[in-house]
Amino acid sequence: MDLNRLCVHTITTKPWPIETAIERFSAHGVVGMTVWRDALTGRDISATGQRIRDAGMAVVSLCRGGFFPAETATGRQAAIDDNRRAIDEAAALGAPLLVLVCGAAPGQPLDISRGQIQAGIEAVLPQAQAVGVKLGVEPLHPMYADSRSAINTMAQANDICARIDSPFVGVVVDVYHLWWDPYLQVEIDRCGQMGKLFAFHICDWRTPTEDLLNDRGQMGEGCIHIREIRGWVEDAGFDGYNEVEIFSNRYWALEQEQFLERIVAAYKTHA
Ligand code: ZN
């Protein structure tokens with residue numbers, strides 16, 4: 001696998017400031033960068049986007065918006081306001097896509113949260129359209145259904161996108177969240193037919209997973225059939241970036257230059 005579609009998320013090398021990540025990703029032949037909002041704290045956002053492009057990389061997306069559900073109207077409005085800010089940040093950065101971790105409120109049923117997610121996306125959609133930023137619904141593994149996302153399968157993501165029915169709203173496929181789903185291939189195909197397959201995230205699932213959030217593996221060290229899923233995504237018409245997104249306390253503790261070398265090697269062999 002060559003590197004001509006390799007994108008790396010800033011959170012993958014979280015200890016590095018974004019300026020270092022830009023320089024080192026570029027030096028290793030990475031061609032795309034997805035930027036997490038925390039990496040932009042205190043920066044001139046449009047200048048940072050330009051710096052990424054000047055280093056020869058594309059700005060692939062901004063992570064993340066979402067977290068729409070809340071038990072109070074005030075909470076839901078605060079989420080909508082924050083998503084409007086995130087859309088503006090994506091536009092300033094030059095990112096064509098804002099990734100949505102849709103959210104869930106532990107005190108209410110999941111179907112109520114799903115309705116609030118749809119309402120929240122519809123509330124911010126006019127602004128997204130106005131500035132030309134697409135919104136990507138990323139289904140999360142069901143272990144996060146309590147508080148991070150009430151959208152847990154590819155089918156649910158496709159359904160909400162079909163109901164909203166806008167070319168600006170589509171799906172982000174992340175193998176970590178979806179590899180276990182027996183309907184994954186058919187739903188990826190359905191997503192492609194709708195023209196809503198916006199992004200593809202990769203890493204691996206370690207056994208045993210020691211932390212529900214921050215113990216993702218590098219490609220090839222877990223049980224996810226990454227190449228097979230990538231084949232399904234490509235058969236569905238996707239020709240965008242393969243985005244390496246790894247949250248890992250064990251890898252953040254490494255020297256990040258060494259970690260990045262391992263990522264590139266793992267990508268070539270296993271992605
Ligand atoms: Zn992801």
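Does aspartate 165 count as buried or exposed, and at what relative accessibility? Select aspartate 165: at 60% relative accessibility it counts as exposed, where exposed means over 50% relative accessible area, buried under 20%, and partly exposed in between (1.4 Å probe, protein chains only). Aspartate 165 sits in the loop between α5 and β6 (169-174). Helices (H or I, at least four residues) and strands (E, at least two) are DSSP runs, numbered from the N terminus. Aspartate 165 is not a glycine, yet its phi is positive, about 55°.

The model is predicted: local features need pLDDT of at least 70 and side-chain atom pairs pLDDT 80 or more, while totals for chains, interfaces and linings use all residues. Residues are numbered from 1 along each chain as its sequence is written, and side-chain values use heavy atoms, with hydrogens and water left out.

**The whole chain**

Zoom out to the protein chain, which has 10 helices and 10 strands. Its C-alpha atoms fill a box of roughly 45 × 45 × 35 Å along the principal axes. Buried residues make up 56% of the 271.

**The zinc ion**

Select the zinc ion next. Glu138 (OE), Asp174 (OD), His201 (ND1) and Glu245 (OE) coordinate the zinc ion at 2.0 to 2.2 Å. Donors are N, O and S atoms within 2.8 Å of the metal (3.2 Å for Na, K and Ca); water is not among the atoms, so sites may look incomplete. Glutamate 138, in the loop between β5 (134-137) and α5 (154-164), and histidine 201, in strand β7 (residues 197-202), are 63 residues apart and link distant parts of the chain. Glutamate 138 is buried at a relative accessible area of 2%, and histidine 201 is buried at 0%.

**The largest pocket**

Stay with β7, which gives three residues to the lining of the largest pocket, the most of any element. The lining includes Leu197, Phe198 and Ala199, and also Lys134 and Tyr241. About 200 Å³ of space lies in this pocket. On a 1 Å grid over the protein atoms alone, a pocket is an open set of points with protein on both sides within 12 Å along at least five of seven lines; a cavity is a set where a 1.4 Å probe fits but cannot get out; lining residues have an atom within 4 Å of a point. Grid points are joined across faces, edges and corners, and a volume is the space filled by probe spheres set on the points.

**The cavity and arginine 64**

The structure holds one cavity of 30 Å³ or more. The largest cavity has about 100 Å³ of space. Of its 13 lining residues, the closest to its centre are Arg64, Val101, Leu140, Arg216 and Phe247.

Now select arginine 64, in strand β3 (residues 58-66). A cis peptide bond, with omega about 0°, joins it to cysteine 63.

**Last stops**

Phenylalanine 67 lies in the loop between β3 and α3 (73-93). Its phi is positive, near 50°, in a residue other than glycine. Phenylalanine 67 is partly exposed, with a relative accessible area of 31%.

End at threonine 207 and proline 208, joined by a cis peptide bond with omega about -5°. Proline 208 is in the loop between β8 (204-205) and β9 (216-217).
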